Structure formats: structure tokens, C-alpha cells
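Please examine the sequence and the structure before reading each solution.

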Amino acid sequence: MAKQIALFNHKGGVSKTTTTFNLGWMLAKKGKRVIIVDCDPQCNLTGMVLGFKKCLEINKNHPQSWGNLGICLAMLGKKEESLKAFNMALAIDPSYSPAKTNRILVESLKEGEELKEEKFVSINFNKEKFLHQKSFVNKN
Ligand SMILES: Nc1ncnc2c1ncn2[C@@H]1O[C@H](COP(=O)(O)OP(=O)(O)OP(=O)(O)O)[C@@H](O)[C@H]1O
Ligand SMILES: [Mg+2]
């Protein structure tokens with residue numbers, strides 16, 4: 001019988017996703033057969049495992065993955081590519097405010113200059129809206 005472990009906390013940003021990822025990783029490293037299930041429409045766990053580009057291959061209409069990709073590219077100093085990713089996020093959802101704010105931040109950088117981790121905006125935006133979209137995962 002498979003054991004199921006759930007990590008739950010109402011509070012945001014307290015390491016639910018990171019702990020899930022590391023717990024799954026370590027159990028697998030110890031030889032256990034592990035499946036980690038991402039039920040969060042932010043797709044951060046999926047992004048952590050697959051990378052945001054792969055998430056976007058699964059669903060190219062996911063503004064949060066475009067926004068997350070934009071942050072990653074900016075942290076690598078790839079300003080132009082980052083701005084394109086934010087533009088994609090905003091083309092899908094013009095009201096997606098984290099992408100708007102982060103885009104402004106990245107616009108102020110020079111190409112090659114890396115966005116610092118403490119500067120970007122990361123919030124639970126529109127989580128409820130996506131939770132109610134049953135066809136969310138496979139919608140292209
Ligand atoms: N043990 C740790 N030490 C330092 N930083 C950590 C640790 N665990 C998580 N973090 C950092 O804290 C931030 C929030 O973590 P995480 O995304 O896992 O939280 P969460 O509870 O899943 O958030 P959300 O409610 O948005 O889903 C991330 O930037 C992560 O890298
Ligand atoms: Mg999380």
C-alpha cells in the first residue's frame with residue numbers, strides 16, 4: 001500500500017512546495033518509488049521538476065509560467081528574452097499584475113545585468129480563479 005504525504009499550510013510562502021520537492025527527491029534517492037503531485041495552479045512544483053519551458057509546452061496559455069520564466073531569464077541577465085516572456089504572460093492575462101511589476105523592474109536593467117532575487121514580486125495571484133477551471137491542465 002502506497003503511503004501518501006500531504007503538506008498543508010494556509011499561509012503563503014512557507015516552503016510547502018520546496019519541502020514537497022526535497023522530500024520527494026530524498027525518498028527517491030533512498031530507493032523509494034515516488035510520485036509527486038502538483039495540485040497548485042501556480043505550477044511551481046511542476047516548474048521545479050520540469051522547468052517552466054516544459055510547463056509551457058504542456059500549457060502555453062499559463063501566464064504564471066510565462067511570468068516565472070521571465071523572472072528566471074532576468075536572473076540570468078537575459079533582459080530581452082525576459083521581457084518577451086512577460087509580454088506573453090500579459091498577452092494571455094493583461095491584469096496579471098506580478099508580470100506587469102516585474103516587467104517594469106526588468107526594463108530598468110541593462111542586457112546582461114542580473115535581476116537580484118530580493119527584488120522581484122512573487123504572490124499568489126488569481127489562484128482561486130485557476131482552481132475553478134477544471135480543464136486548466138490540458139488547455140492549449
Ligand atoms: N528551507 C529553506 N531555506 C531557505 N529558503 C527556503 C526554504 N524553503 C523554501 N525557501 C524559499 O522560500 C520561498 C517560498 O517557498 P515555497 O515556494 O516552497 O513556499 P510555498 O509555501 O509553497 O509558497 P506558496 O504559498 O506560494 O505556494 C522560496 O523562494 C523558497 O526558495
Ligand atoms: Mg507552493
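**Exercise 1.** Which pattern does the protein follow, read along the sequence?

*Solution.* The model is a predicted one. Along the sequence the pattern is α-α-α-α-α-α-α. The protein accordingly has seven helices and zero strands. Of its 140 residues, 25% count as buried.

**Exercise 2.** Determine which residues of helix 6 are buried and how they are placed around its axis.

*Solution.* Step 1: helix 6 spans residues 97–107, and its buried residues are P98, A99, N102, R103 and V106. Step 2: these residues lie on the same side of helix 6, because they cover an arc of only 130° around the axis. Step 3: the spacing fits a general rule. An α-helix has 3.6 residues a turn, so residues three or four places apart point the same way. Step 4: I104 and E107, on the other side of helix 6, are exposed. Step 5: the cover over the buried residues of helix 6 includes helix 4 (63–75) and helix 5 (79–92).

**Exercise 3.** Describe how helix 4 and helix 5 are arranged relative to each other.

*Solution.* Step 1: their axes come within 8 Å and cross at roughly 165°. Step 2: an angle over 145 degrees counts as roughly antiparallel, so helix 4 is roughly antiparallel to helix 5. Step 3: the crossing of the two helices is left-handed. Step 4: helix 4 contributes P63, W66, G67, L69, G70, L73 and A74, which meet K79, E81, S82, A85, F86, M88, A89 and I92 of helix 5. Step 5: the residues of this contact divide into ten nonpolar, three polar and two charged.

Methods: Residues numbered from 1 in each chain as written. Chains lettered and ligands numbered in written order. Predicted model: local features only at pLDDT ≥ 70, side-chain atom pairs only at ≥ 80, totals over all residues. Buried ≥ 20, exposed ≤ 12 C-beta atoms within 10 Å, placed from the backbone. Helix = DSSP H or I, 4+ residues; strand = E, 2+ residues; numbered from the N terminus. Arc of directions from axis to C-beta. Contact = placed C-beta atoms within 7 Å. Axes fitted to C-alpha atoms, helices over the stretch in contact; angles between N-to-C directions. Parallel < 35°, antiparallel > 145°, perpendicular 65-115°, else oblique. Left-handed = near helix turned anticlockwise from the far one by under 90°. Nonpolar A, V, L, I, M, F, W, Y, C, P; charged D, E, K, R; others polar.
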